[in-house]
Amino acid sequence: MSASTFPKSAMVMAAGYGTRLRPLTDTVPKAMVKVLGRPMLDVVLDRLAAAGVERAVINLHHLGAVIREHLKNRKDIEIVYSEEKEILETGGGTKKALPLLGDDPFFVVNAKIIWLNGREDALHRLAKAWDPERMDSLLLLQPTVTAIGYDGPGDFLMDQEGKLKRRPEWEVAPFLYSGVNITHPRLFEASPDGAYSVNLLWNRAIEQGRLHGIRHDGEWYHVSTPQHLREVERELGFHGIRF
């Protein structure tokens with residue numbers, strides 16, 4: 001990885017209603033829910049700025065004005081907003097923001113997660129593993145059995161070259177998508193307009209052998225319900241983590 005190849009922009013997904021986190025999300029957007037006293041969005045932006053990302057494009061819908069007000073004085077990373085009149089989901093929301101993200105590969109980060117770096121910054125590890133000749137997206141994957149605040153069956157199987165396949169029905173997959181990836185804008189070529197999940201495009205990339213992953217070597221925490229929030233805070237506190 002060189003300074004010229006490290007993605008300088010990131011798409012931060014923050015538009016969702018966070019219905020499973022109610023009543024917390026009745027007054028603040030999901031990305032602003034606090035973990036150990038600090039909004040998850042702030043922790044995500046801290047990680048991006050520390051790694052060397054220069055611009056964060058944040059999509060807004062539910063209580064977007066709260067995010068704007070909260071971040072109005074932040075100076076360590078450029079903040080740009082992509083307003084969604086209607087929720088466009090992960091695929092449609094990122095496609096709408098492409099003019100703000102530029103022509104180069106960019107990070108995508110979900111604002112409802114907390115990740116701790118392992119031996120090396122996870123964003124740097126992604127950038128080092130990124131190969132635009134072979135990949136349209138490179139996902140940071142978390143082992144399903146060690147995910148905190150997650151109770152699903154996982155998402156992907158991964159071969160020795162890092163190529164991904166979907167979890168077979170009725171089976172538990174060894175890896176889940178962590179909410180962090182690098183994507184090339186070409187992933188969205190010939191994609192639909194309006195609201196849709198990026199999984200639609202990932203399925204196409206899987207068929208073409210162009211969806212890859214790497215295993216996260218640090219801790220990972222998912223916050224989608226008040227119960228998960230309590231679990232995540234308990235685990236972080238046990239490890240002495242402070243934000």
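A helix here is a DSSP run of H or I that is at least four residues long, with numbering from the N terminus. In that sense, Val44 belongs to helix 1. One caution before I go on: this is a predicted model.

Val44 has a relative accessibility of 1%, so it counts as buried, the limit being under 20%. Not counting residues up to four places away in sequence, Val44 touches Val12, Val109, Asn110, Ala111, Ile113 and Trp115. Val44 and Ala31 are separated by 13 residues in sequence, and their C-alpha atoms are 9.3 Å apart.

In soluble globular proteins, nonpolar side chains tend to be buried together. The largest nonpolar core in this model has 39 residues, and the members that touch the most others are Val12, Leu41, Leu48, Ile58 and Trp115. Which helix gives the most to this core? Helix 1, residues 40-51, with 5 residues. Take Leu41: leaving aside neighbours within four places in sequence, its contacts are Val12, Ala31, Met32, Ile58, Ile67, Leu71 and Ala111. Another core, of 24 residues, lies apart from the largest one, and includes Met11, Leu101, Phe175 and Trp202.

Asn59 sits in strand 4, residues 55-60. Is Asn59 buried or exposed? Its relative accessibility is 2%, so Asn59 is buried. What does its side chain meet there? The side chain of Asn59 makes a polar contact of 2.9 Å with the side chain of Glu84. A polar atom of the Asn59 side chain also lies 2.6 Å from the backbone nitrogen of Ala14. Beyond four places in sequence, residues in contact with Asn59 include Met11, Val12, Met13 and Ser82.

On to helix 3, residues 89-101. With 13 residues at 1.5 Å a residue, helix 3 should span 18 Å, and the distance between its end C-alpha atoms is 17 Å, which agrees. There is a kink of about 35° at Lys95, shortly before Pro99. The buried residues of helix 3 are Gly91, Gly92, Gly93, Thr94, Ala97, Leu98 and Leu101. These buried residues pack against strand 1, strand 4, strand 5 and strand 6. After helix 3 comes Gly102, with a positive phi near 90°.

Last, the charges. Side chains of opposite charge can pair when their charged atoms come close. A search of the whole structure gives 15 salt bridges. In one of them, Arg22 pairs with Asp26, with the closest N and O atoms 3.6 Å apart.

Glu83 and Arg68 form another, at 3.0 Å from N to O. Glu83 is in strand 5 and Arg68 in helix 2, so this pair ties together parts 15 residues apart in sequence. Glu83 is partly exposed at 39% relative accessibility, and Arg68 is partly exposed at 36%.

Arg186 and Asp136 meet in a salt bridge of 2.5 Å, N to O. Arg186 lies in the loop between strand 11 and helix 5, and Asp136 in the loop between helix 4 and strand 8, so the pair ties together parts 50 residues apart in sequence. Arg186 is partly exposed, at 25%, whereas Asp136 counts as buried, at 7%.

How values were computed
Residues numbered from 1 in each chain as written. Predicted model: local features only at pLDDT ≥ 70, side-chain atom pairs only at ≥ 80, totals over all residues. Heavy atoms only, no water. Helix = DSSP H or I, 4+ residues; strand = E, 2+ residues; numbered from the N terminus. Buried < 20%, exposed > 50% of the residue type's maximum accessible area, 1.4 Å probe, protein only. Polar contact = N/O pair within 3.5 Å; in protein donor to acceptor, adjacent residues only side chain to side chain. Contact = heavy atoms within 4.5 Å. Core = buried A, V, L, I, M, F, W, Y, C linked by side-chain atoms within 4.5 Å. Expected span 1.5 Å × (residues − 1). Bend = angle between axes of the 7 residues up to and from the residue. Salt bridge = Lys/Arg side-chain N within 4 Å of Asp/Glu carboxyl O.
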